[in-house]
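Please read them beside the structure.

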Amino acid sequence: MATIIVASTNPAKISAVENAFAEALPHMTFNVEGVSVASEVRDQPMTADETLLGARNRVKNARKLVANADYYVGLEAGIDGSHTFAWMVIESGEHASGTLRGEARSASLPLPPAALAQLEQGIELGDVMDTMFNETNIKQKGGAIAMLTNHKLSRSSVYQQALILALIPFLNPALFPEIAS
């Protein structure tokens, strides 16, 4: 059984990882564990580059916390202009020749101007959506995606698709070089 360490304890993120790996690698069985690690970026990343750095940092910090996993997964949601999206970073465990990494960006969704104004004041998107939709802890449920699409999509469903895209190097390892350890 392969061990997957998700660099988050958010149930929506863990569920997306479980579903993506099961769909992309149906011949394998997995033990999926969430761990709390720092992203080393703002709570609400405000650029695509900062968001990618946060996802990479989560993987790096998960490796420090848990040794010998088969896969490490970092997911980081952020803002890019007037849209929200997330970066997915998946790395294999250590091998003699290096580590395989896959990265993919989720679909982007437009945010209402009132939400963007609050984000610019330093308020995290989950808190903005909680207030806007009179909910609690949206980010650990369907996320802003669910609220803005009238529950046609969820944070997990959109992340699952991006995670499968990030798994492309693992599905086609002969086409992707490993990165130096």
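1. Arg56 is partly exposed, at 35% relative accessibility (buried is under 20% relative accessible area, exposed over 50%, partly exposed in between; 1.4 Å probe, protein chains only). Its salt-bridge partner is Glu103, with the closest N and O atoms 2.7 Å apart (a salt bridge is a side-chain nitrogen of Lys or Arg within 4 Å of a carboxyl oxygen of Asp or Glu). Glu103 sits in strand E5 (residues 101-105) and Arg56 in helix H2 (residues 48-65), 47 residues apart (helices, H or I, at least four residues, and strands, E, at least two, are DSSP runs numbered from the N terminus). Glu103 is also partly exposed, at 29%.

2. The model is predicted: local features need pLDDT of at least 70, side-chain atom pairs count only at pLDDT 80 or more, and totals for chains, interfaces and linings use all residues. Residues are numbered from 1 along each chain as its sequence is written, and side-chain values use heavy atoms, leaving out hydrogens and water.

3. Arg56 and Glu103 belong to a salt-bridge network that also includes Arg63, Glu91 and Arg101. The structure has nine salt bridges.

4. Glu76 and Arg58 form a salt bridge at 2.4 Å, N to O. Glu76 is in strand E3 (residues 71-80) and Arg58 in helix H2, so the bridge ties together parts 18 residues apart in sequence. Both Glu76 and Arg58 are buried.

5. Glu50 and Arg42 also form a salt bridge, at 2.7 Å, N to O. Glu50 is buried, with a relative accessible area of 14%, whereas Arg42 is partly exposed at 47%.
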